[in-house]
Amino acid sequence: MKIPESHAIEYKRDWQDDYLKWVCGFANSKGGTLFLGIEDNGKITGVKESKNLMAELPNKIKNVLGIISEVKLKSKSKKDVIEIKVPAYTVPISLHGRYYIRSGSSNHELIGHALNDFLLKKSGNSWDEIIEKRATFADIDKNAVNIYLRLAEESGRIQERGLSLKQLFEKLRLTEKGKLKRAAIIFFGKDPGKFYSGLSVRIGKFGVNDIDLQFQESEEGNIIYLLDAILKQLNNKFLIRKVSFDGLHRVETLPCPLPALREILLNALIHRSYYGVHIQIKVYDNYITFWNSGFLPDGLTLDMLKKQHSSIPRNKLLAEVAFRGGYIDAWGRGINKITEACKNAGIETPKFEEHLNGFLLTLKFTTQVTTQVTTQVTTQVTTQVKKLLKHLKGKEMSKKELMNDMGIKNEKYFKSFFLEPALRDNLIEMTIPNKPNSSLQKYKIK
């Protein structure tokens with residue numbers, strides 16, 4: 001067989017009752033075909049006792065799973081191959097009380113929050129569409145709403161002006177009979193964590209491996225706040241900028257493009273599973289990873305992500321609100337936009353994979369310093385850093401102590417031209433690296 005295994009095709013050498021899990025997975029997904037008598041690599045080996053299996057399998061599948069599958073016997077390379085065609089079912093199918101789905105070419109058992117999410121979808125709802133009975137309009141952040149409306153008006157997707165908050169939410173289908181839905185809290189809530197756990201986004205700066213954590217930050221809030229706050233954290237604290245010079249002007253650029261980072265964050269925030277596991281961002285010297293919980297939605301594979309595909313959102317209402325606000329497109333172009341932004345920036349195409357019951361994106365980049373500098377700029381920067389190093393020699397000093405010792409009053413000027421260049425060039429280091437903003441923070445020569 002030349003067709004590789006996929007979300008709709010599975011090969012097995014012979015039948016085992018454990019393979020009912022695969023039949024269950026197809027039924028709970030988009031359907032598929034299980035071939036018996038073919039190895040994983042596509043080599044046809046033939047199935048043993050094909051006649052007995054042809055009589056046994058249809059009844060076994062019906063009696064154990066309660067579904068009807070088409071079972072056919074075919075001859076390939078003069079060997080018997082059994083083809084079990086499983087249709088997709090709109091109701092959840094279980095095997096001895098356990099539920100399975102297809103994700104790419106793998107079969108997964110659903111447990112915990114993933115199972116709750118699956119059962120909700122089979123009932124025609126998604127997690128974000130459920131009414132949050134504990135919430136009132138007093139829990140809505142009006143500043144977030146105003147930010148949203150400004151962008152929505154610029155995009156032209158919400159034309160009406162002068163709507164009250166209740167009218168706006170009704171128009172966005174964020175309410176039902178005057179009651180707020182979960183999506184309203186996630187997108188606009190003052191404190192979403194009051195209602196749901198695990199909504200934070202955690203960022204860590206690592207050295208050579210996951211054990212070498214240098215410092216970390218955590219942000220929590222509604223989607224509009226998080227999008228801005230996380231981009232600022234990455235931009236100002238976690239990513240090392242490339243340095244070049246345009247004449248006398250120092251130019252600093254991020255190692256990966258902001259449009260790509262923004263699109264990655266939007267995808268993570270909108271399409272994640274909101275069942276209690278925080279988003280993780282890990283920053284290394286030459287790459288960054290983003291992980292959010294939840295398998296790819298039914299009917300979407302990793303291969304499809306890299307091509308043109310329809311939008312299949314996990315959280316339908318969140319995605320619709322984001323679209324109406326001009327944050328995303330409704331055409332499944334998010335991955336293509338990320339890839340295109342990376343291509344334009346001259347960095348590698350991101351790697352997408354399913355990992356630990358979630359989705360992992362890895363973005364590689366290079367950190368380099370362009371040394372095409374004029375003599376005047378080189379002298380100026382070196383003199384300032386040398387002055388800082390001279391005052392730090394043999395000491396540990398705080399920022400305030402250094403400024404007083406050097407007679408500098410403007411903190412912004414000191415950070416931009418003395419402290420940050422010395423840190424960036426690894427000439428000095430923090431005494432408390434895992435807490436960059438600590439009031440006890442001091443600096444010393446490396």
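This is a predicted model: local features need pLDDT of at least 70, side-chain atom pairs count only at pLDDT 80 or more; totals for chains, interfaces and linings use all residues.
Trainee: Why is Cys342 called buried?

Mentor: Buried means under 20% relative accessible area. Cys342 has 0% relative accessibility, so it counts as buried. Cys24 gets that label too, because its relative accessibility is 0%.

Trainee: What makes Arg13 and Glu39 a salt bridge?

Mentor: The cut-off is 4 Å between a side-chain nitrogen of Lys or Arg and a carboxyl oxygen of Asp or Glu. Here the closest N and O atoms are 2.1 Å apart, so the pair qualifies.

Trainee: And why say that this pair ties parts of the chain together?

Mentor: Arg13 sits in the loop between β1 and α1, and Glu39 in the loop between β2 and α2, so the bridge joins parts that are 26 residues apart in sequence.

Trainee: Why are Arg13 and Glu39 called partly exposed?

Mentor: That label covers what falls between under 20% and over 50%. Arg13 comes out at 49% and Glu39 at 22%, so both land in between.

Trainee: What about Lys232 and Asp228, how far apart are they in helix α7?

Mentor: They are four residues apart, about one turn of the helix. An α-helix has 3.6 residues a turn, so residues three or four places apart point the same way. The closest N and O atoms of Lys232 and Asp228 are 3.3 Å apart, which is within 4 Å, so this is a salt bridge.

Trainee: How do you know that the buried residues of α13 line one face?

Mentor: Leu402, Met403 and Met406 are buried in that helix. Seen down the axis of α13, the buried residues fall within an arc of 95°, so they line one face. The face turned away from the buried side carries the exposed residues Lys400 and Asn404.

Trainee: What follows α13?

Mentor: Gly407, whose phi is positive, near 70°.

Definitions and conventions:
Residues are numbered from 1 along each chain as its sequence is written. Side-chain values use heavy atoms; hydrogens and water are left out. Buried means under 20% relative accessible area, exposed over 50%, partly exposed in between (1.4 Å probe, protein chains only). Helices (H or I, at least four residues) and strands (E, at least two) are DSSP runs, numbered from the N terminus. The arc is that of the directions from the helix axis to the C-beta atoms.
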